[in-house]
Amino acid sequence: MDTKLDPSRDDLPLMANTSHILVKHYVLDLDVDFESQIIEGTIVLFFESGKKQSGSTKEPCRSESNEACRFRMPEPCHSPVTDTRTFSSKTRSNDFTICSKGEKDTSGKDGNHDNREQASGISSSKYCCDTGNHGSEDFLLVLDCCDLSVLKVEEVDVAAVPGIEKLTRSPKLTVVSEELRNQIVCELVTLPADRWREQLDYYARCSQAPGCGELLFDTDTWSLQIRKTGAQTATDFPHAIRIRYSTKPQGRSVTWTSDQSGRPCVYTMGSPINNRALFPCQEPPVAMSTWQATVRAAASFVVLMSGENSAKPTQLREGCSSWHYYVTMPMPASTFTIAVGSWTEMKPETCSSNDLAAERSLSPSEADFRYVGICGHMEYPCRFQNPSATTQEIIPHRVFAPLCLKGACQETLLQLVPPCLSAAHRVLGTHPFSRLDILIVPGNFPSLGMARPNKEKTGHVSDSGSSVVKHGLNPEKVFMQVHYLKGYFLLRFLAQRLGDGTYFAFLRKFVHTFHGQLILSQDFLQMLLENIPEEKRLELSVENIFRDWLESSGIPQPLQRERQAGAECGLARQVSVEVEKWIRMNRRPRKRKRRETEEVFEKLLPDQLVLLLEHLLEQKTLNPRTLQSLERAYRLTQQDAEVRHRWCELIIKHKYTKAYKDVERFLQEDQAMGIYLYGELMVSEDSRQQQVARRCFELTKEQMDRSSAQVVAEMLF
């Protein structure tokens, strides 16, 4: 792989000007169309002005061409007081209002919209403006956006919502102004956490309020830029805006593919560009926000999202269902996930009363949230302040998968989830979330590709809050596991140095102290060293740990010593004995002497099998008879992916043609882990192996994520 990186191609820009204005809440209203592979609808953003408020942001208008940027210029908004009796939400669901989809977009190809449903009755005329001159003193809102078709941006008349005057100091709204609308939003986003249901209800109803003026907007490769003529500061800029948009089939935030049963599905998959090709948002992690989403799809599909509620479908009309999810814990926009497919909820054949008691959801009356200021995060309905939640070992959970995997889920997965949740509670304490959905994704899920931005990975941060994720667009980055592996072994090293009791007690304290907050690695290490006895610190310091584990290449010295000690443990010694048996067997001639005894091989654990195969990979030659016996002895084709990956490496190294079918199966069913094997097949310069690689790629390239396909294509061609 080429280690030379092109910053203009490999660095991921974070364009949002989060220092000036912050999104506090998103309301998404979307339709999923599998035939066109498009998700379309609206998103309403509720803002809070940031700390830095200059007269105008000096961000240049970025465009791929040298032509003057073209903004929509609406006529000025003169909003009369709307009769609030004519506005109401259309449907209600459970805890708060959920509004169904409004009238269909009647826009033409030029982006003009029919605004007859708007109370303000503004014009949709369109003009050209050169942002280098016209409106240069207006505040510019910059959102992270990519691969989206933005059709319309408008201000939302939140003052038209019935009962909204309760959030203002005025008993009756007589004169509606920009200042009043922004005051309403300011009061809404700062409602106390114990009024979260009321807040979500207001958000839902505000999202369906009429527009009161279109806003100028422009898009470039990485951003959506929005202005309002005359709004010169973030404080003056509308604090509630609606964006009508649609995704593109080639958008890089979601994958349109087929599940294990061959039925269509779509899901967010940890794209290097995160969610900016799913909805316009603020990507920098400092932009912590909440959200709620209504998603419509054909009735045969299930919609899953990273929400706090266990959503159930609502039938809107024949053949169409709606799903609603919400989140009350502020998190970065990159944590928003969605999956739509023909999933089946997997349920155990029998369920004991104890399990039901352990998984019982907490009703609002049981919540008993006590806001006593003991948490360090921004205010939200925190489970750490809920006495009932702190003792809940097993939170409610659901498991979804294609129907063809029902047997495997019932036999294995469903039995593992409760003890895993219980163990997490025992070690780390209160579950931060009230529920959990588990989805078995297709084999092309790029499981190594979570390139989420964080404080340490961004480059220089400008005054506006924009920055870059270093090498964030490098397609090879998702396969670079060194930092993950070193981090894992660092945690193991610390646990062994401190002892399990001390280490796990610290982890529990750390989670309790920093839950709901953005943290740095230094925060973790500093708190760890402050909470361990001096005699166990043994020259450990944040500086030393960073130098030895994070900033130095190669295997750290402590890990090398552990590796040498590990070779002497019982399980490793057992593997060494088995390796010697296989080497002896491989050296024997095809025709053995009659008195020669057969080797008896011991049963090994999966981790031992991985170690065994790694040792055998060091052998210069293994004959086909040995490889055949090896597969039969341990049933390697039926082992987990880690074991089968090592087995495929042996097949390729020794050109064991009888087992090429195992390599083909791995490349097709375990795509995320198969990238390395493509390289091995091509490096061998064996024509038959190269044919295997090219044939498998042709069969799977349409289902592979873009980064994987790009890397493999560079290997093959």
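Trainee: How many nonpolar, polar and charged residues are in the lining of the second largest cavity?
Mentor: That lining divides into 3 nonpolar, 1 polar and 3 charged residues. Here Ala, Val, Leu, Ile, Met, Phe, Trp, Tyr, Cys and Pro count as nonpolar, Asp, Glu, Lys and Arg as charged, and the others, Gly among them, as polar. Keep in mind that this is a predicted model: local features need pLDDT of at least 70, side-chain atom pairs count only at pLDDT 80 or more, and totals for chains, interfaces and linings use all residues. Residues are numbered from 1 along each chain as its sequence is written, and side-chain values use heavy atoms, with hydrogens and water left out.

Trainee: Which residues line the second largest cavity?
Mentor: T637, R644, W647, C648, D662, R665 and F666 do. A cavity is a set of points on a 1 Å grid over the protein atoms alone where a 1.4 Å probe fits but cannot get out, and lining residues have an atom within 4 Å of a point. Helices are DSSP runs of H or I with at least four residues, strands are E runs of at least two, and both are numbered from the N terminus.

Trainee: Which strand gives the most to the lining of the largest cavity?
Mentor: β17, with 3 residues. By class, that lining has 10 nonpolar, 2 polar and no charged residues; Y26, F279 and W291 are among them.

Trainee: Switching topic: at what angle do α15 and α17 pack?
Mentor: About 15°, with their axes 9 Å apart. Axes are lines fitted to C-alpha atoms, for helices over the stretch in contact, and angles run from 0 to 180 degrees between N-to-C directions. The two helices are therefore roughly parallel, a label for angles under 35 degrees.

Trainee: Which residues make the contact?
Mentor: Including L609 and L613 of α15, and R646 and W647 of α17. Contact means heavy atoms within 4.5 Å. By class, 9 residues are nonpolar, none polar and 5 charged.

Trainee: Last one: where does D686 lie?
Mentor: In the loop between α19 (675-683) and α20 (687-700). Leaving aside neighbours within four places in sequence, D686 is in contact with K655 and Y660.

Key: Angles under 35 degrees count as roughly parallel, over 145 as roughly antiparallel, 65 to 115 as roughly perpendicular and the rest as oblique. On a 1 Å grid over the protein atoms alone, a cavity is a set of points where a 1.4 Å probe fits but cannot get out, and a pocket is an open set with protein on both sides within 12 Å along at least five of seven lines; lining residues have an atom within 4 Å of a point.
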